[in-house]
Amino acid sequence: MHSEQPLQPEDSVKIISDALRQARQENTGAAFFYILWGALLCLHFLLRYLRLEIPALDNGIVRNCIWAVFPIGGIISYFKNKKNDEREQVIPLYEKVYLFSFGGYALAFFILFFAGMWQPVPLYLICFPLLLGLAVLTAGGITKHKVSIAGGVIAILLTGISINASLEIQNLIAGLGALIACVIPGISMKIKKHA
Amino acid sequence: MLKPLDPLLHSQLRLSIVSLLIGLEEATFVYLKEKTNTTAGNLSIQLEKLREAGYIQIKKGFKGKYPVTTCKITTNGIRAFEEYISDIKQYLHLD
């Protein structure tokens, strides 16, 4: 228990460094959302790829499944957030980093999606790994998470291949981008948390 | 000549509280009590002193049916903490 004894400057340094270390260890809960959205986006693009590659799969069920991932992700995220809010005792500083980097990503993606609807080239599909990679790289750089930094860079590099690829391969690259930039860093965060 | 250290921060418990809050967006009373390993009464007194000095903000609300007290560091608090760090460095001849 803390007492009101006179402090030495050396004691102050120890108190500050201990407290900062404790604060830094607070979990943002980002791992869950990285894995969830990474897996759902990966599934979304994989189904789109399979639909284009295998004509037999181009039916109503597959088409519905492709878009069903978004409301499913939204519902799961809503309940997870609600559960987190009930338990939450602390809000880590990094929480806002994720909020702004992924908020910016989502905004940019939807602008490309809707504004590019009349374009012959699916801009949103080409830019998906680029935007996701940027968001993951930024968040990873600030939170000093090396796997996110690497995942973000690889996803950005995938855009270079996507630009000149066929529509089928662009879908496959987008799915791969989600796997590398979200699922793998998310799993790494989870492992680190339990270590 | 060494500058005297901020008496408000130069206390074990208050320094712990401010150092925790500087690394967080905000924290509840329960969290601070657990991390500083102190009694609720003592923590309340120290938080009130920091609030009076304008170093922290205390918000009282409800989470479901339960009351929750949340603390957040202010700009004044951040400035005071930075100044304290710089003074400590001088004491330790780190500058």
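Q: Which element of chain A gives the most to the lining of the second largest pocket?
A: This is a predicted model, in which local features need pLDDT of at least 70 and side-chain atom pairs count only at pLDDT 80 or more, while totals for chains, interfaces and linings use all residues, and side-chain values use heavy atoms, with hydrogens and water left out. Residues are numbered from 1 along each chain as its sequence is written, and chains are lettered from A and ligands numbered from 1 in the order in which they are written. Helix 1 (9-24), helix 2 and helix 7 of chain A each supply at least two lining residues (helices are DSSP runs of H or I, at least four residues, and strands runs of E, at least two, numbered from the N terminus). The most, three residues, comes from helix 7.

Q: Which residues are closest to the centre of the second largest pocket?
A: A pocket is an open set of points on a 1 Å grid over the protein atoms alone, where a 1.4 Å probe fits, with protein on both sides within 12 Å along at least five of seven lines, and its lining residues have an atom within 4 Å of a point. The second largest pocket holds about 550 Å³, a volume being the space filled by probe spheres set on grid points joined across faces, edges and corners. Of its 17 lining residues, those closest to the centre are A:Arg24, A:Gln25, A:Glu26, A:Asn27 and A:Lys192.

Q: Which element of chain B gives two or more residues to the lining of the largest pocket?
A: The largest pocket is lined by 50 residues, with A:Gly29, A:Ala30, A:Phe33, A:Trp37 and A:Asn81 nearest its centre. Chain A contributes through helix 2 (30-53), helix 3 (60-87), strand 1 (90-92), helix 4 (95-115), helix 5 (123-143) and helix 7 (167-194), and chain B through helix 2 (29-36).

Q: How much space lies in the largest pocket?
A: Its lining has 26 nonpolar, ten polar and 14 charged residues (nonpolar being Ala, Val, Leu, Ile, Met, Phe, Trp, Tyr, Cys and Pro, charged Asp, Glu, Lys and Arg, and polar the others, Gly among them). The space in this pocket is about 1,500 Å³.

Q: Which residue of chain B forms a salt bridge with A:Lys96?
A: Across the interface of chain A and chain B the rule finds one salt bridge, meaning a side-chain nitrogen of Lys or Arg within 4 Å of a carboxyl oxygen of Asp or Glu. With the closest N and O atoms 3.2 Å apart, A:Lys96 is joined to B:Glu25.

Q: How many residues does chain B bring to the contact?
A: Contact means heavy atoms within 4.5 Å. Chain A brings 25 residues and chain B 32 residues.
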